[in-house]
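Colleague: Could you walk me through this model before I set anything up? I would like to see it first and then ask a few things.

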Amino acid sequence: MPRKQQLTWTVVLRLAVVVTGCAGLVVLGGGTALWVVEGKRPDSTVRSWGDALWWSLTTLTTVGYGDQIPVTTTGRLIAAGVMVAGVAVIGAVAAIVALAVALRVARQEELAFEAAAEILEQRLDVRLARIEAQVAGLDARLQAWSTVSADDDVCSGGDDQ
């Protein structure tokens, strides 16, 4: 794999790791925050830290089953943050996929242009060789004509005088 292409795929992989890490942190942070805020409330649907993590994951991925919902204002603000982060993560994943596809298409186009340039260069080399041969032939004729013309002047004795 060429160095430039390897570097590009390294960037794509790093972006994917960063997005995945951010999503994991949002799930853990949002779930834990909701558990801390609503875990002890009797009217809460969040019965355990696992429930809170499940809620955070389904909210981040925009699935939102509705089996757990925040009941406090603070819990709803946490939910809003997780929702916004979920939209951002989905957008980032879409952007990474689009980048990967665009890089592949760009590389294929680059290879096609290189092949076309090579063919054009070969055609130009052939035409240039043909033109050089024609110029050499014309130069030889001109030399022969100049020699014949000079001989004619010598033979005529220089009648121009």
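Colleague: Happy to start simple: how many helices and strands does the chain have?

Modeller: Keep in mind that this is a predicted model. Reading from the N terminus, the elements run α-α-α. The count is therefore three helices and zero strands.

Colleague: And what share of the residues of the chain counts as buried?

Modeller: A residue is called buried when its relative accessible area is under 20%. The chain has 161 residues, and the share of them that counts as buried is 19%.

Colleague: Let's move to the loops. Is S44 buried or exposed?

Modeller: S44 is found in the loop between α1, residues 3-38, and α2. Its relative accessibility is 0%. The cut-off for burial is under 20%, so S44 counts as buried.

Colleague: Nice. Where does T72 lie, and what does T72 touch beyond residues up to four places away in sequence?

Modeller: T72 sits in the loop between α2, residues 49-60, and α3, residues 73-156. Its relative accessible area is 13%, so T72 is buried. Its contacts, with residues up to four places away left out, are V37, E38 and R41.

Colleague: R41 makes me think of charges. Which residue forms a salt bridge with R41?

Modeller: Side chains of opposite charge can pair when their charged atoms come close. For R41, at 36% relative accessibility, the label is partly exposed. In its salt bridge the closest N and O atoms are 3.2 Å apart. The partner, itself partly exposed at 44%, is D43.

Colleague: How many salt bridges does a search of the whole structure find?

Modeller: Besides the bridge between D43 and R41, the side chains of E110 and R107 meet in one, at 3.4 Å from N to O. E110 and R107 both lie in helix α3, three residues apart, about one turn of the helix. E110 is partly exposed at 31%, and so is R107 at 24%. The search finds two.

Colleague: Now the aromatics: what is the angle between the planes of W54 and Y65?

Modeller: A pair of aromatic rings is described by the distance of the centres and the angle of the planes. The count of aromatic pairs comes to one. W54 and Y65 form that pair, with 5.8 Å centre to centre, and since planes under 30 degrees apart count as stacked, the pair is stacked: its angle is 10°.

Colleague: Which parts of the chain does the pair of W54 and Y65 tie together?

Modeller: The two residues are 11 apart in sequence. W54 is partly exposed at 37% relative accessibility, while Y65 is exposed with 55%. Because of where each residue lies, the pair ties together helix α2 and the loop between α2 and α3.

Colleague: Which residues make the nonpolar surface patch?

Modeller: V63, in the loop between α2 and α3, is partly exposed with a relative accessible area of 44%. V63 is one of the residues of a patch of about 400 Å². Its members are W54, L57, V63 and Y65.

Colleague: One last thing: how far apart in space are V11 and I96, C-alpha to C-alpha?

Modeller: V11 has its place in helix α1 and is partly exposed, with a relative accessible area of 40%. V11 and I96 are 85 residues apart in sequence. In space, their C-alpha atoms are apart by 9.8 Å.

Definitions and conventions: Residues numbered from 1 in each chain as written. Predicted model: local features only at pLDDT ≥ 70, side-chain atom pairs only at ≥ 80, totals over all residues. Heavy atoms only, no water. Buried < 20%, exposed > 50% of the residue type's maximum accessible area, 1.4 Å probe, protein only. Contact = heavy atoms within 4.5 Å. Patch = residues over 30% accessible without salt bridge, like charges linked within 9 Å, V, L, I, M, F, W, Y side chains within 5 Å. Areas by Shrake-Rupley, 256 points an atom, 1.4 Å probe, with all protein chains shown as cover. Salt bridge = Lys/Arg side-chain N within 4 Å of Asp/Glu carboxyl O. Phe/Tyr/Trp six-rings, centres within 6.5 Å; stacked < 30°, edge-to-face > 60°.
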